Amino acid sequence: MKHSDQNKLHMLKEKFMTARDWVMDHNKIVMPLVLVVCVLLTIVIAVNANHREALENEAKEAAMAVSNEETDSQVEGLEAPVFELEENAHPEINNLIRTYYDAQASGDIQTISSMNAYLNEIETIRVEELSKYIESYPVLEVYTKPGLTENTYVAYVYSEVQFTDVEKSLPGMQTYYIGMDEAGNYFINDGTYDDTVWNYIKEVTLQDDVVDLNNKVVVEYNELLAEDAELNEFIAYLKEKINEEVGEILAQAEVPETADTPEEMPDTPEEGTQDVPSIITMVRATDVVNIRTSDSEEADKIDKAQIGQEFTLLEQRGNGWSKVDYDGREAFIKSDYLEAVPADETEVQVAEAEQPPEEPEETVTSSNETSMGTVTVIESVKVRKSASTSAESIGTAYEGDVLELIMKQADGWSRIKYNGQTAYVKSDYVE
């Protein structure tokens, strides 16, 4: 080792020894200072750690906020955007609507069909028959909001219809979905769209400005009928008359040979022509669907229609609802969930319902049914001739009544013996 390095090492040792001796001589002062320094270092480290943790938490919260904003925007994207309701803003659409309503007033089915993508047989007949009572539509106002895609619109048409020989015109409002074909011409898409479009229309229709417009028209309609008893009576008569005429036309279409045989015509009324409208206006549910007190999804629920359950159709409305007979009173079901019952099926059901209970074959069948025991009624229920809620009711079984059980069927009905004849009750009401 070099001499200079040895000197440096010797000097360092001497300084260390001097410092140690000083500390030992002044330990009462030095030790508290060392403790204070250690505490300060601990605090600094802790503060830095907390600060770092706070920064990390802020970063996490910021990331979550960004994620939530993205999620919220995605959810909002599922809702219909709110556009201002425009009045008579598109002349081509106004012309389309004017042509369409004029065709309804004149019963021009060819023109209507060329503009309307959906018009079933019953609606076609209804338009033709109603046109006989309509003079014109003197007032048409078209309110629109953009549709789901370019060149499509949800249109709300306010109209005033002038009936023949009636002084005052009647207000109303209808909803249409307007599209554009490949040639650049607007058309009325009145039923061929999918669930996405249908849900969009419903969401737009529930927006405040549309609700306000609809309420205004409803109030105007109700006030007019309340003030004019003659008009009120005419509207009630017209609804009944149109239903009757539609039924008669459909019935004639089903039995053309009767109309071609003059000698049989006098016998037709005596053989039950009065029952024809109810036969050909039967509909059945294609899915489980709510039965409501009026034609609105906000109306009170009466019951649920089951798949295959049949109803007498009283009126098929242009707003997508059907008025039906349910247990002797008027009720409403969405038309999308109903289908017409073929006339031949209905005639068979009517024939079975009208079969006298004392007929020998029926009596033999009932008497030969083997009993499986008894069931107790747990809630009052109607007893019916066949396994359908639209079948004729022959009585009521009350809670606690004991019924003789023939068979519990897979369709949810129980076949029983009731007052000596075979009958049916819903299995949910017995045990």
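Tutor: Strand β9, residues 310–316, is largely enclosed by the rest of the structure, because five of its seven residues are buried. The model under discussion is a predicted one. Strand β9 pairs with strand β6 (residues 282–285) in the antiparallel sense, over three bridges. Within that pairing, valine 283 has phenylalanine 311 of β9 as its bridge partner. Strand β9 also runs antiparallel to strand β10 (residues 321–326), to which four bridges join it. Here leucine 313 stands opposite valine 324 of β10. In general, the strands of a sheet pair through backbone hydrogen bonds, in either a parallel or an antiparallel sense.

Beyond β10, aspartate 327 lies in the loop between β10 and β11 (329–334). Aspartate 327 also has a positive phi, near 55 degrees, although this residue is not glycine. With a relative accessible area of 41%, aspartate 327 is partly exposed. A further residue of this kind is asparagine 88, a non-glycine with a positive phi of about 50 degrees. Asparagine 88 belongs to the loop between β1 and α3 (91–106), and its relative accessibility of 32% makes it partly exposed.

One of the residues concerned is tyrosine 156, whose bridge partner in β4 is threonine 175.

The buried residues in α6 are Val197, Tyr200, Ile201 and Val204. Seen down the helix axis, these buried residues fall within an arc of 100 degrees, and therefore line one face of α6. They pack against β2, β3, β4 and α7 (208–227).

In soluble globular proteins, nonpolar side chains tend to be buried together. The largest nonpolar core has 50 residues, of which Ile97, Phe163 and Ile178 touch the most other members. Beyond its neighbours within four places in sequence, isoleucine 178 is in contact with residues including Ile93, Leu96, Ile97, Tyr153, Phe187 and Ile188. Another core of 15 residues lies apart from the largest one, and has Val154, Tyr200, Val210 and Leu213 among its members.

For the whole protein chain, there are 12 helices and 18 strands. Buried residues account for 32% of its 431 residues. Of the contacts between residues at least 6 apart in sequence, 57% join residues at least 24 apart.

Confidence remains to be considered. The protein chain averages a pLDDT of 74, and 66% of the residues score at least 70. Over residues 256–280 the pLDDT is below 50, and this stretch has 16 contacts in the model beyond near neighbours in sequence. Residues 344–368 likewise have a pLDDT below 50, with 22 contacts beyond near neighbours in sequence. Where pLDDT is low, the predicted coordinates should not be read in detail.

Conventions: Residues are numbered from 1 along each chain as its sequence is written. This is a predicted model: local features need pLDDT of at least 70, side-chain atom pairs count only at pLDDT 80 or more; totals for chains, interfaces and linings use all residues. Side-chain values use heavy atoms; hydrogens and water are left out. A nonpolar core is a set of buried Ala, Val, Leu, Ile, Met, Phe, Trp, Tyr and Cys residues joined through side-chain atoms within 4.5 Å. Buried means under 20% relative accessible area, exposed over 50%, partly exposed in between (1.4 Å probe, protein chains only). Contact means heavy atoms within 4.5 Å. Two strands pair if DSSP finds at least two bridges between them. Helices (H or I, at least four residues) and strands (E, at least two) are DSSP runs, numbered from the N terminus. The arc is that of the directions from the helix axis to the C-beta atoms. pLDDT is the predictor's confidence in each residue, from 0 to 100.
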